[in-house]
Structure formats: C-alpha cells, structure tokens
Amino acid sequence: MTGKPLFDPTTPSSASLSLWEGIAAVGVLMMTADEDTAPEEEDQLVEFLVQQGVPVATAQAAIHKALQVLAQEGMAPLGGAACRALADTKQAEVAMRLAVRIALADGFVLIEENTLLIDLIHVLGVSESRLEQIIQEELQQDERFRPLGELDLPH
C-alpha cells in the first residue's frame, strides 16, 4: 500500500457505485488489505450484506461489481468510489461495522487492516471511540474471542 489513503473521495474512478455496492467495496478493500483473501472474509461479506436486508443476488452482484472495479482500476479508485457512494448517507456505521467484521474474520487484525480502519473512520466521520465500541461489540459476538467461561460448551 502507498502512503496515500485508499479511502479518498477525490480519487477518480470510472465506476459509480450504489450504496450497497459502496459498502461491498469497503468489504472488498478490507479483504484485500493484507493481500491474502481468506474464504472466511468472503463469506462474512455476503452474510453481512444479507443481514442488512440485501437479497443474496443483490449482495453477490454488489461484490462482483466491487471486485470488477478493483481488477480494472485498482484499490485507490475503488476506495474513492466507495467514499462517494457512502457520502451523505446514514450508513457510515454500517460500513465501519462491516470493515471491522472483515478485519476480524481471520482471527486477527493486521497492521494494513488497522490502517484502513483508521483511514475509513476519518473519511466517514466516525470517531475513534465509536470505532473502539464497534470493535468490542464485534469481538463479543464472535465466539472465537470469548473467554472459555462464556462459551456455550456442552455439560
């Protein structure tokens, strides 16, 4: 990754993304941040969009479009298009929650993913304290991160 933030609304792209395509683009960029896309991350992305009420076919099409823009134009144009799709919407926290969930999908957050999370909160206007809350909420929902005493183990 370069020193310029990937989530920069001034970075041009030939693509125009809908709101859900923009959110999918955030997920795709988080998946590719460490240059190692894990199957868990892809599953998490589809599952997340469906949980938001997006039909499976629409979620898959949004992810496909984000991947297509990534392949044709690169990470920075996809990030710029994602920022423009999310601008002036009430979906900043939805995008942040997805970014956190994808970052945690493989069980740990790499420095590249952490950098993207920080870039994203700045461009979306989410505070660092709210990001920390979202991370804690996602950790609590993921059984891999619960202390053994909190796991639902058979007795």
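Predicted model: local features only at pLDDT ≥ 70, side-chain atom pairs only at ≥ 80, totals over all residues.

Reader: Which residues make up the patch of negative charge on the surface?

Author: They are E40, E42, D43 and E47. Asp and Glu count as negative, and that covers each letter in the group.

Reader: What elements does the whole chain have?

Author: Seven helices and zero strands. Read from the N terminus, the order is α-α-α-α-α-α-α. The chain has 155 residues, and 46% of them count as buried.

Reader: Why is I134 called buried?

Author: Buried means under 20% relative accessible area. I134 comes out at 0%, so it is buried. You'll find I134 in helix α7, residues 128-141.

Reader: Which residues is I134 in contact with, leaving aside neighbours within four places in sequence?

Author: E93, M96, R97 and V100. Contact here means heavy atoms within 4.5 Å. There's a C-alpha distance to look at as well: I134 and V94 are 40 residues apart along the chain, and their C-alpha atoms are separated by 10.0 Å.

Reader: What share of the contacts with a separation of 6 or more is between residues 24 or more positions apart?

Author: That share is 78% in this chain.

Reader: Now salt bridges. How do you know that E21 and K65 form one?

Author: The test is a side-chain nitrogen of Lys or Arg within 4 Å of a carboxyl oxygen of Asp or Glu. For E21 and K65, the N to O distance is 3.4 Å, so the pair passes. This pair links distant parts of the chain, with E21 in helix α1 (residues 19-32) and K65 in helix α3 (residues 56-73), 44 residues apart. The two partners get their own labels: E21 is buried at 17%, while K65 is partly exposed at 25%.

Reader: How many salt bridges does the structure hold?

Author: Six. One of them joins E137 and R97, whose closest N and O atoms are 2.5 Å apart.

Reader: Why does the pair of E137 and R97 tie together parts of the chain?

Author: E137 lies in helix α7 and R97 in helix α5 (residues 92-104), so the pair connects parts that are 40 residues apart in sequence. With 29% relative accessibility, E137 is partly exposed, whereas R97 at 17% counts as buried.

Reader: What other salt bridge does E137 form, with R130?

Author: There the closest N and O atoms are 3.4 Å apart, again within the 4 Å limit. R130 has 18% relative accessibility, so it counts as buried.

Reader: Which residues are linked in a network of salt bridges?

Author: E93, R97, R101, R130, E137 and E138.

Conventions: Residues numbered from 1 in each chain as written. Heavy atoms only, no water. Patch = residues over 30% accessible without salt bridge, like charges linked within 9 Å, V, L, I, M, F, W, Y side chains within 5 Å. Areas by Shrake-Rupley, 256 points an atom, 1.4 Å probe, with all protein chains shown as cover. Charge placed at Lys NZ, Arg CZ, Asp CG, Glu CD. Helix = DSSP H or I, 4+ residues; strand = E, 2+ residues; numbered from the N terminus. Buried < 20%, exposed > 50% of the residue type's maximum accessible area, 1.4 Å probe, protein only.
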